[in-house]
Amino acid sequence: MTLLLAGDIGGTKTILQLVETSDSQALHTIYQESYHSADFPDLVPIVQQFLLKANTPIPEKACFAIAGPIVKNTAKLTNLVWFLDTERLQEELGIPHISLINDFEAIGYGILGLQKQDLHTLQVGNSQPEAPIAIIGAGTGLGQGFLIKQGNEYKVFPTEGGHADFAPRNEIEFQLLKYLLGKHDIQRLSVERVVSGMGIVAIYQFLRDRKFATESPDIAQVVRTWEQEAGQEEKSVDPGAVIGTAALEKRDRLCEQTLQLFIDAYGAEAGNLALKLLPYGGLYIAGGIAPKILSLIQNSAFLLNFTQKGRMRRLLEEIPVYIILNSQVGLIGAALCAARL
């Protein structure tokens, strides 16, 4: 058995997990702990505290999924003063092999370790084992990536596809585009500004300001508070979550319209990614939003917007589409990546 350390390192929270693996590549979690990242000056003291509490030997290998870009085996976290370097981490922690990977890349590897119960099938399609696999995930931003089989293993390729142009397809989406260009005084709009957590709030503001429906006082207060806190790193409210909950409970027409427009745009962008890759190995929807609004996605026009690509419709109807339900897919990916070191 080989002892591995996997980590999901974010600006707010750091999750560490000790995993055992055998020759069969099966992973067995033996200990896990979560920490508030800002309480520590660096990753090293967190790992040291974690290993002391776990009371196990030093792991042979470790992989940390980082919320930020990886440049020459180093990473600087967006919302922390941490600067991570693999050589320094190996020396100070005494772990012989350490790798840093982007958090969305970790999700890509994590797909390979998911079980049937970790997924919800939106479209069965016609799976082809040797074909590419695509990932799209709306959360704080919009991640996109893909997997290509190389020999007996898959290689994960993260992309910056979330920063491609938003492509409106009907009158209301053209109005949304014009509204956001003016609101932010910008020349172009990335799809991430619509298909993400911040996108949900932006769509709500657009529908509110264009008076598509009456605004509820309680939700209005949350959104106003969030608007007043613009520019602050720490927000006291989460309007995206409030809007989503109200839409799920069908108690606010404006919120329902917001989620409908968001889901339509999400499906369309997933279809754009599928056209570019033809991922007959499956298109996986990651991120924190989709599982929370699963019932809305199931009963919406997500798949219609996904496949509504003119003459290419039949091709997209053959692509399996899954929603990832397991929130620890990034940790699973980090562990699998560590096993490969």
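## Close-ups of a predicted model

**View 1. Strand S14 and its two partners.** Four bridges tie strand S9 (residues 119-123) to S14, and these two strands run antiparallel. Helices (H or I, at least four residues) and strands (E, at least two) are DSSP runs, numbered from the N terminus. Two strands pair if DSSP finds at least two bridges between them. This is a predicted model, where local features need pLDDT of at least 70, side-chain atom pairs count only at pLDDT 80 or more, and totals for chains, interfaces and linings use all residues. Residues are numbered from 1 along each chain as its sequence is written, and side-chain values use heavy atoms, with hydrogens and water left out. Back to the strands: His120 has Ile323 of S14 as its bridge partner. Strand S13 (residues 283-286) also joins S14, through three bridges, and that pair runs parallel. There, Ile285 has Ile323 as its bridge partner. Now look at the side chains of S14 (residues 321-324): Val321 and Ile323 point one way, Tyr322 and Ile324 point the other way, and all are buried. Buried means under 20% relative accessible area, exposed means over 50%, and partly exposed is in between (1.4 Å probe, protein chains only).

**View 2. The open sheet of five strands.** Read across this sheet and you get the order S3-S2-S1-S4-S8, with mixed pairing. Strand S3 (27-36) and strand S8 (97-102) stand at the edges with a single partner strand each, so one side of each has no neighbour in the sheet. From one strand to the next, the twist averages 15 degrees. Axes here are lines fitted to C-alpha atoms, for helices over the stretch in contact, and angles run from 0 to 180 degrees between N-to-C directions.

View 3. Strand S4 (residues 61-66) and S8 run parallel, joined by six bridges. Ala62 has Ile98 in S8 as its bridge partner, and Cys63 has Ser99. Helix H2 (residues 86-93) packs on the sheet, where H2 touches S4 and S8, and its direction makes about 140 degrees with that of S8. Contact means heavy atoms within 4.5 Å. Helix H3 (residues 103-111) lies across S4 and S8 too, running at about 105 degrees to S8. S8 is mostly covered, with five of its six residues buried.

View 4. Thr21 is part of strand S2 (residues 13-21). Is Thr21 buried or exposed? Thr21 counts as buried, because its relative accessibility is 5%. Leaving aside residues up to four places away in sequence, Thr21 touches Met1, Thr2, Leu4, Ala26 and Leu27.

**View 5. The open sheet of three strands.** The order here is S5-S6-S7, and the pairing is antiparallel. S5 and strand S7 (83-85) stand at the edges, each with a single partner strand, so one side of each is left without a neighbour in the sheet. Two bridges join S5 to S6, and Val71 stands opposite Thr74 in S6. Between strand S5 (70-71) and strand S6 (74-76) sits a loop that holds Lys72. Lys72 has a positive phi of about 50 degrees although it is not a glycine. Lys72 counts as exposed, because its relative accessibility is 78%.

**View 6. Another lysine with a positive phi.** Which loop holds Lys250? Lys250 sits in the loop between helix H7 (239-248) and helix H8 (253-277). Lys250 is not a glycine, yet its phi is positive, at about 55 degrees. With a relative accessible area of 60%, Lys250 is exposed.

**View 7. Gly68 and Gly287.** Gly68 lies in the loop between S4 and S5. Gly68 has a relative accessible area of 10%, so it is buried. Gly68 and Gly287 are 219 residues apart in sequence and 15 Å apart in space, C-alpha to C-alpha.

View 8. Leu275, Leu278, Met312 and Leu315 make a nonpolar surface patch of about 280 Å². Patches are made of residues with over 30% relative accessible area and no salt bridge, with like charges joined within 9 Å and nonpolar side chains (Val, Leu, Ile, Met, Phe, Trp, Tyr) within 5 Å. A salt bridge is a side-chain nitrogen of Lys or Arg within 4 Å of a carboxyl oxygen of Asp or Glu. Accessible areas come from the Shrake-Rupley method with a 1.4 Å probe, and for residues only the protein chains shown count as cover. Leu315 lies in helix H12 (residues 313-317) and is partly exposed, with a relative accessible area of 34%.
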